[in-house]
Every structure is written in C-alpha cells, then in structure tokens.
Amino acid sequence: MVLLTGGGTGGHLFPALAVAEELRRRGHEVFYLGAQEGLEARLLPKTPLPHALIPAGKLDRSAFRPGEAWRLLQGLGVARAVLKARRPKAVLSTGGYAGFPGAFVAELQGVPVLLHEQNAKLGLAVKLLVPLSRGLALSVPLSLPPRLGAKARVVGYPVREVRYPKEEAKARLGFDPKKPLLLVLGGSQGSLELNEKLPPLLKPLGLPVLHQVGERWVERYRHLEEEAYRIRGFVEAPLAMSAADLLLARAGAGTLAEAAFHRLPALLFPLPQSLDGGAQRANARAYEKAGAARLGDYARLAQQVEAMLQNPEPYREAMGRLSPEGAAGRLADWLEEFL
Ligand SMILES: CC(=O)N[C@H]1[C@@H](OP(=O)(O)OP(=O)(O)OC[C@H]2O[C@@H](n3ccc(=O)[nH]c3=O)[C@H](O)[C@@H]2O)O[C@H](CO)[C@@H](O)[C@@H]1O
C-alpha cells in the first residue's frame with residue numbers, strides 16, 4: 001500500500017491523483033490523505049480512492065498563527081492514527097500544507113517518503129520534509145545544495161494524460177466545433193484579476209470563450225454569461241484543454257504542464273511576485289523563452305490573441321517539447337523501489 005498526500009490547491013492535488021491512478025493501474029493499493037479544507041475535500045469523494053481528510057494547519061513563513069498551529073498538531077495526531085491503521089510501505093507527498101502532517105509522521109516512523117516539487121522553487125512543506133525524506137522528485141531541473149541535489153531526480157509534473165479530439169471536445173462543451181475557442185483559467189482558486197480584466201477585452205472579439213472564474217466567484221460573475229461567453233466555477237481541465245485553441249491563464253506549474261501536454265499555445269498573466277515569491281513569474285518566463293507562450297499585455301490583447309490564433313504552430317511545437325508525458329509513470333517507478 002502506498003499513501004499519497006498533498007493538496008490544498010489543485011497544483012498540489014492533481015499530480016498526486018495522476019500518480020494514484022498510475023499505481024492503481026499497476027495493481028497497487030493506494031490511500032489518500034488530504035486536508036479537510038482543501039480542494040481535495042470536494043474532489044476525493046467523487047473518485048474511487050479510499051481517503052481520509054484531516055485538520056492541517058497552514059504553514060506560514062512569516063507569522064506564527066496559534067489557530068493554524070493547533071490544527072497542525074491535531075492533524076499530526078490523526079495522521080498517526082491513519083498510518084497505524086493503513087501501514088503504508090511508502091509515502092508520496094506533493095506538498096502544500098495538506099501534504100505535511102502525513103509525510104512528517106511517516107518520516108519519524110521510518111517509512112520511506114518521496115517528495116514531489118511542482119515549481120521552479122522549493123515550497124515550504126517540501127523544504128521542511130526534505131531532510132528526512134528518501135527522495136526529491138522535481139518537475140524541472142533546479143540548482144540545489146549538494147546534500148539535497150544527491151536526493152533529487154527530475155521526473156516532470158505528472159498530468160492527467162487524457163486527450164480528446166478537438167472538435168469532439170468543443171461539441172461536448174456545447175461550443176461550435178468549427179470556431180476557435182479561447183480558454184481562460186484562473187488556477188484552482190480562480191483569479192480576480194483575470195475575472196475583472198479579461199471579459200471586457202475578449203467579448204468585443206466575438207470569439208467563443210470558456211472562462212473559469214473559480215468556484216467561490218461564480219455567482220459574482222454569472223451576469224457575464226452569454227451564448228458565446230461561458231462562465232464556469234471549475235472546469236474539467238483535460239476536456240477544456242483538448243477543446244481550446246488558445247489559453248489565457250495565470251502561470252501555475254500545473255496549468256503550464258497541462259498546456260504543454262495538450263500543445264496549447266498560451267498567453268500568461270503570472271501572479272505578482274509578492275503573492276508567491278516569484279514562482280509564477282519564473283514559470284512564465286521559462287515558457288516564453290522556450291517559444292511556447294507569450295506574456296499577456298492587457299493593452300495589446302486583441303493583437304496578441306489574433307496573432308497567436310493565426311499562427312499557432314510554432315507555439316504548439318514548443319509546447320510539445322515541454323510536455324511532461326510519462327511523469328506519473330516515472331514517479332510510480334521510483335515508488336515501486338520501496339515496495
Ligand atoms: C495562488 C497559489 O498559491 N498558486 C500556486 C498553486 O496554484 P494552482 O493550484 O492555482 O495552480 P496550478 O496551475 O499549478 O494547478 C491548478 C490545477 O487545477 C486544475 N484545474 C484548475 C481550474 C479548473 O477549473 N479545473 C482544473 O482542473 C488545473 O488543470 C491544474 O491541474 O500551486 C501551483 C503548483 O504548486 C503553483 O505554481 C502556484 O503558484
């Protein structure tokens with residue numbers, strides 16, 4: 001049995017789910033440990049995965065918050081009980097505050113723990129867990145101090161490797177299969193900036209748009225909905241990315257890895273440095289440098305959209321070169337070394 005843990009946001013949850021699926025395909029038993037208040041609390045009950053949801057205090061670099069510390073302590077207690085009952089032979093943590101308690105307890109008990117970092121920078125949970133871990137799987141090459149570098153292997157970002165034929169995907173989403181489709185993704189929580197700025201700029205273009213605004217904002221933006229401009233709280237990403245001809249998005253590691261898998265050209269609006277320490281700006285620049293995406297400019301958006309729709313091939317090819325295909329398999333291979 002392999003215990004998978006990680007979440008809070010989609011960027012930490014979906015890679016773990018991709019690995020869970022791969023392990024089950026290979027005949028291994030898996031169990032998922034997530035956080036009560038994370039995205040996983042909503043999604044896990046819709047999967048066939050056995051799971052438990054625990055209290056998991058949010059880790060914060062800059063401040064000590066007693067409520068969160070108390071939840072973390074409670075979470076460590078529940079994680080201990082889950083590990084005792086399930087007796088996993090290996091643990092994979094994809095980080096986020098949800099991925100800390102289970103992996104930390106496992107490390108203290110001597111159970112082999114593998115970590116997966118999605119971004120071009122180590123997150124706090126991964127940083128705290130790495131000293132006692134047995135391996136650090138990376139999405140992209142990082143320069144690390146030698147004692148961490150010795151544990152690290154680049155495996156890529158595990159994505160849900162499901163593609164649909166483009167016209168079929170458009171029809172399934174209720175769009176005209178013959179027209180180009182723009183997809184706006186604000187990340188797993190939605191992006192207020194994209195929600196405010198993009199509709200007035202995109203609507204005059206008269207192109208079909210699927211705009212994911214975030215579950216908690218869907219009522220606020222419902223009034224924007226039109227026949228050709230659909231508002232959704234959350235979309236099924238493999239279907240939406242198969243259908244789309246151009247992506248307008250933040251620059252979360254997950255969204256970008258999936259765009260690469262789907263060879264989907266992208267216009268990127270990374271989170272400001274102050275909100276994530278610069279991870280998304282670094283992600284966006286790497287994709288731009290590779291020729292797979294452009295940084296979005298609200299002042300010139302119409303020209304940017306038109307140019308990319310007219311000549312998508314160079315972007316599609318560059319996205320294809322960045323595709324993380326096989327990452328879930330490589331992580332499953334590594335976990336199997338401990339079984
Ligand atoms: C605000 C914040 O802390 N953002 C971080 C968070 O991003 P966040 O979780 O928002 O973003 P990512 O782009 O990495 O991942 C989102 C995931 O959710 C999926 N999805 C999203 C919307 C939707 O409607 N349907 C859907 O399935 C996407 O397909 C993707 O798999 O984790 C990422 C990976 O650690 C980081 O790079 C981001 O900086």
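Helices (H or I, at least four residues) and strands (E, at least two) are DSSP runs, numbered from the N terminus. This is a predicted model, in which local features need pLDDT of at least 70, side-chain atom pairs count only at pLDDT 80 or more, and totals for chains, interfaces and linings use all residues. Residues are numbered from 1 along each chain as its sequence is written.

**Stop 1**

Select residues 2-130. UniProt gives this span as "domain: Glycosyltransferase family 28 N-terminal", in an unreviewed entry. UniProt positions are in the numbering used here, feature names are shortened, and annotations may be inferred rather than shown by experiment. The span is 43% helix and 18% strand. Its end C-alpha atoms lie 19 Å apart.

Now select residues 182-314. The UniProt label here is "domain: Glycosyl transferase family 28 C-terminal", again from an unreviewed entry.

**Stop 1**

Center on Gly 11, in helix H1 (residues 10-25). Is Gly 11 buried or exposed? Gly 11 counts as buried, because 27 C-beta neighbours lie inside 10 Å. The cut-offs: buried means 20 or more other C-beta atoms within 10 Å of a residue's own, exposed means 12 or fewer, and partly exposed is in between, with C-beta atoms placed from the backbone.

Which residues does Gly 11 contact, leaving aside neighbours within four places in sequence? They are Gln 118, Ser 188, Gly 252, Ala 253 and Gly 254. Contact means that the C-beta atoms of two residues, placed from the backbone, lie within 7 Å.

Step across to Ser 188. It sits in the loop between strand E8 (182-185) and helix H8 (192-202). Ser 188 is buried too, with 25 other C-beta atoms within 10 Å. Leaving aside neighbours within four places in sequence, its contacts are Thr 9, Gly 10, Gly 11 and Leu 39.

**Stop 2: H1 against H16**

Axes are lines fitted to C-alpha atoms, for helices over the stretch in contact, and angles run from 0 to 180 degrees between N-to-C directions. The crossing of H1 and H16 is right-handed. A crossing is right-handed if the near helix is turned clockwise from the far one by less than a right angle, and left-handed if anticlockwise.

Show the contact side chains. H1 supplies Ala 18, Val 19, Glu 22 and Leu 23. H16 supplies Ala 328, Gly 329, Leu 331, Ala 332 and Leu 335. The residues of this contact divide into 7 nonpolar, 1 polar and 1 charged. Here Ala, Val, Leu, Ile, Met, Phe, Trp, Tyr, Cys and Pro count as nonpolar, Asp, Glu, Lys and Arg as charged, and the others, Gly among them, as polar.

**Stop 3: H3 against H4**

Select helix H3 (residues 66-86) and helix H4 (residues 101-108). Their axes come within 8 Å and cross at roughly 60 degrees. That makes H3 oblique to H4. Angles under 35 degrees count as roughly parallel, over 145 as roughly antiparallel, 65 to 115 as roughly perpendicular and the rest as oblique. H3 passes H4 in a right-handed crossing.

On the H3 side, pick Leu 72, Gly 75, Leu 76, Ala 79, Arg 80, Val 82 and Leu 83. They meet Pro 101, Gly 102, Phe 104, Val 105 and Ala 106 of H4. This contact divides into 9 nonpolar, 2 polar and 1 charged.

Move on to Arg 87, in the loop between H3 and strand E4 (90-93). Its phi is positive, near 45 degrees. Most residues other than glycine have a negative phi. Arg 87 counts as exposed, with 10 C-beta neighbours inside 10 Å.

**Stop 5**

Select helix H11 (residues 253-261). 9 of the 9 residues are buried, so H11 is largely enclosed by the rest of the structure.

Next comes Arg 263, in the loop between H11 and strand E12 (266-268). Here phi is also positive, near 50 degrees. Arg 263 is buried, with 20 other C-beta atoms within 10 Å.

Finish at Glu 161, in the loop between strand E7 (152-154) and helix H7 (166-172). Glu 161 counts as partly exposed, with 18 C-beta neighbours inside 10 Å. Glu 161 and Phe 261 are 100 residues apart along the chain, and 7.6 Å separates their C-alpha atoms. Leaving aside neighbours within four places in sequence, Glu 161 is in contact with Phe 261 and Glu 325.
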